[in-house]
Amino acid sequence: MNAIDTVAWFVYLLSAVMFVIGLHFMNSPKTARRGNQISAVGMVIAVIMAFVHLVATGFRSNIAIILLLLGIAIGAVAGVVSAKKVKMTDMPQLVSIFNTVGGGAAALVALNDILTPAKAPGLVVLITAGLGVVIGSVTFTGSLVAAGKLQGVKFLRKLTLPGKGMLNVLFIVLTIASFVMLCVQPGQRLLWAVLTTVFALVYGLVFVIPIGGADMPVVISVLNACTGTAVAMSGLAIDNVALIVAGALVGAAGVTLSILMAQAMNRPLHSVLAGGFGGAANASAATDGPEGTMKETTADDVAVQLVYAQKVIFVPGFGLAQAQAQRELADLGELLKEHGVEVSYAIHPVAGRMPGHMNVLLAEANVPYDELVDLDDINPQFPSANVALVVGANDVTNPAARRPGTPVSGMPILDVDQAQHVVVMKRGRGRGYAGIENELYFEDNTQMLFGDAKAGLQAVIAAVKELLA
Amino acid sequence: MNPLVVSITLFVLALLIGVEVIGKVPATLHTPLMSGANSIHGIVIVGVVIVAAQANSPLAYVFVFLAAVLGTMNVVGGYVVTDRMLEMFKSSKPAKSADTADTHEEAGK
């Protein structure tokens, strides 16, 4: 190793350390922003080092450098514009799009390592770069489909694939076969590399298309882990410490988050990735409905309950975000707090469209993060709450989860039914994602307020204001 | 020692650090965490720069250009949007005023 390489190695190591420290600071909302900034500085240092190294050791073609700079300029503008413009409710799609481009870039770097050297690279490069191509390509198309599904693209919603998973198996086999051929027949590397890329790209499509829209957050997280691994593989191929460590960190993050999410949804990771909710669950639900009737209430009545309560717990769910009613809920909370009511927000781990998404949506509506309480901490508080106001959350409040034998059995739920009074704001009488009736709605202490969450909350706010005036 | 052996060792150790660090992040921050981790894999842009130094064929030019666009979009967009999210997280306690009081004190000294 000559001097410049040694310096570069240590600078890349410094960047890697800053990524770890940055992620470490994410352990509290107080320090998280600084953590992200430290990580960004680490990134800038690594990129500057790469350019210094490039200038110091020389390059082979001016055209390549001009194209590199042009590409960076275009990418930077595209990145900043999309990051500044995106609505917080659309965050999962954007993360998925960034994942798409990251996976694509990793695949291209790896592909370049295999194809452009004049003579065939050694086995080590073929294996690591080959893995980079495979994983990067799968992530590229997979994340693109995931983003499309989250965006609600109609074409993707209707699309079903024939063969019940046989296509999955077929393209896995084809991808692996061409990858193996690439390693044993480096003379034909153009053919095998192109086939590997194409098959992996198609596999990404057939892997994600059958998976339901509600499972997309888990898929995004898994694909995020894949991109990280692809980057690490590219790093092994070009022997760069920054790529290896950063890629491994992201890989670990993706896997850890995927497992946490699957646990919160009460489904093993492999069943989420295999696609589709089992038909059996729906069948058993039809015969096994809870008894009793739902009691409807009015906005005025809800306002009275809230104003005379000492402690109110809000339970926001996906429906709240769909109705874009975060700000109304926050306003109602603010109003009640001014009146002396204790208000907190119960956040289920999978509320929203990706883990922690509800927290971001409520943060945008200026709800302080210390009023957002995790499942484990809020559940003991429900019995002492006078009113629990459920807005657009369904399955995560279903007491049936405590009994065995239902599709939601074993799923961690918010103990909303233990509050003295429960008010559920819901668009219609439809069932939740799990396809079963929510027993909570039939409890004696539960009242339903049907209608759009935004309009409903506005009506409640108006009624509360009238009472307090 | 074979550099690949060292690299694989690094990879495995970094995986372990990742699991350890990520496990401590509260659920509140999982969305920014995912987005932040997402921007870190934009490090692939360093790989693009390194590859660009060796590029001298039309095929390689195409790879470099496309990878530069995609990789930069990943890294720049990722950090900007994560910062935008984290900026919104505020405590109900008046932490801001305490901070400014501190700096005033220090300025006084």
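Helices, taken as DSSP runs of H or I, comprise at least four residues, and strands, as runs of E, at least two. In the predicted model, residues 59-81 of chain B are 100% helix and 0% strand on this basis, with the end C-alpha atoms 33 Å apart. This stretch is one of two that UniProt, in an unreviewed entry, records as "transmembrane region" in chain B, the other being residues 33-52.

Chain A contains an open sheet of six strands, arranged in the order S3-S2-S1-S4-S5-S6 with parallel pairing. Strand S3 (372-374) and strand S6 (446-450) of chain A each have a single partner strand and stand at the edges, so that one side of each is left without a neighbour in the sheet. On average, and with direction ignored, neighbouring strands of the sheet are turned by 25° against each other. Within the sheet, strand S1 (residues 311-316) and strand S4 (residues 387-391) of chain A run parallel and are joined by five bridges, and A:Ile313 has A:Ala388 of S4(A) as its bridge partner. Helix H15 (residues 326-338) of chain A packs on the sheet, where it touches S1, strand S2 (342-347) and S4 of chain A, and its direction makes about 175° with that of S1(A). Helix H16 (residues 357-364) of chain A also packs on the sheet, in this case touching S1, S2 and S3 of chain A, with a direction at about 145° to that of S2(A).

The contact between the chains draws 100 residues from chain A and 79 residues from chain B. Among the elements of chain A that give two or more residues to the side touching chain B are H16 and S3, together with helices including H1 (3-24), H2 (29-57) and H10 (241-264). The most is given by H3(A), with 17 residues. By class, this side of chain A comprises 63 nonpolar, 29 polar and eight charged residues.

The contact of H10(A) with H1(B) has 14 nonpolar and five polar residues, and no charged residues.

Note on methods
Residues numbered from 1 in each chain as written. Chains lettered and ligands numbered in written order. Predicted model: local features only at pLDDT ≥ 70, side-chain atom pairs only at ≥ 80, totals over all residues. UniProt positions renumbered as here; feature names shortened; annotations may be inferred. Pairing = 2+ DSSP bridges. Axes fitted to C-alpha atoms, helices over the stretch in contact; angles between N-to-C directions. Contact = placed C-beta atoms within 7 Å. Nonpolar A, V, L, I, M, F, W, Y, C, P; charged D, E, K, R; others polar.
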